[in-house]
Amino acid sequence: DHAGLFIQSRSGHMFHVELPPTVCAFQIGETSQIQSAGVLQATPHAVKPPRHSAAAGTTRESFAVFLEPEFDEPLDIPPGKTVDDCQAADIQLPPTVVPLRKRWKAGQTFGDFHHVTVSGFTTDD
């Protein structure tokens, strides 16, 4: 059972990713998927912690930078494209992820999309 970054392929298989120390990785998110009408696809991913006693005291170091539109900016697809063009790839998402077509609607602002998305992964418990 490996710890670390896992990404999901388009066929639904999860792969453990081991990046060399000198490599900088970039991950495409759903905003790019929407704004490119599906040409760029968000990368389903997860980070699994170590699960054995020898890992006690192990830390995970990362530096995340999120590039996103202004919250009040409409999150639109390119002219001539359809909602289905940008949402076709969400079929392979894990069952815990609410499909994009249930969270995003044409004309919605990035802030509204962000709120709906975050709400799908959090509870009031």
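How many helices and strands does the secondary structure of the protein chain come to? In this predicted model, the count is 4 helices and 3 strands. Read from the N terminus, the elements follow the order β-β-α-β-α-α-α. The protein chain has 125 residues, of which 22% count as buried.

The strands form an open sheet of 3 strands in the order E2-E1-E3, and the pairing is antiparallel. Strand E2 (14-17) and strand E3 (45-48) are the edge strands, each of them pairing on one side only. From one strand to the next, the twist averages 30 degrees. In general, the strands of a sheet pair through backbone hydrogen bonds, in either a parallel or an antiparallel manner.

Strand E1 covers residues 4-8 and is joined to E2 by 4 bridges, the two strands running antiparallel. Within this pairing, Ile-7 is placed opposite Phe-15 of E2, and Gln-8 has Met-14 in E2 as its bridge partner. E1 and E2 make up a hairpin with 5 residues between the strands. In this hairpin, Gly-12 adopts a positive phi near 100 degrees.

The loop between helix H1 (30-35) and E3 contains Gln-41. Leu-40 is also located in the loop between H1 and E3. The accessibility of each residue was considered in turn. Gln-41 has a relative accessibility of 16% and therefore counts as buried, since the cut-off for buried is under 20% relative accessible area. A polar atom of the Gln-41 side chain lies 2.5 Å from the backbone oxygen of Gly-38.

For Leu-40, the relative accessible area is 39%, so this residue is partly exposed; the class lies between the limits of under 20% for buried and over 50% for exposed. Leu-40 also belongs to a nonpolar patch on the surface, which it forms with Ile-28 and Val-39. Together, Ile-28, Val-39 and Leu-40 have about 260 Å² of accessible area. The loop between H1 and E3 thus holds Gln-41, which is buried, and Leu-40, which is partly exposed.

Notes. Residues are numbered from 1 along each chain as its sequence is written. This is a predicted model: local features need pLDDT of at least 70, side-chain atom pairs count only at pLDDT 80 or more; totals for chains, interfaces and linings use all residues. Side-chain values use heavy atoms; hydrogens and water are left out. Two strands pair if DSSP finds at least two bridges between them. Axes are lines fitted to C-alpha atoms, for helices over the stretch in contact, and angles run from 0 to 180 degrees between N-to-C directions. Buried means under 20% relative accessible area, exposed over 50%, partly exposed in between (1.4 Å probe, protein chains only). A polar contact is a pair of N or O atoms within 3.5 Å; within protein, one must be able to donate a hydrogen and the other to accept it, and residues adjacent in sequence count only if both atoms are side-chain atoms. Patches are made of residues with over 30% relative accessible area and no salt bridge: like charges are joined within 9 Å, nonpolar side chains (Val, Leu, Ile, Met, Phe, Trp, Tyr) within 5 Å. Accessible areas come from the Shrake-Rupley method with a 1.4 Å probe; for residues, only the protein chains shown count as cover. A salt bridge is a side-chain nitrogen of Lys or Arg within 4 Å of a carboxyl oxygen of Asp or Glu.
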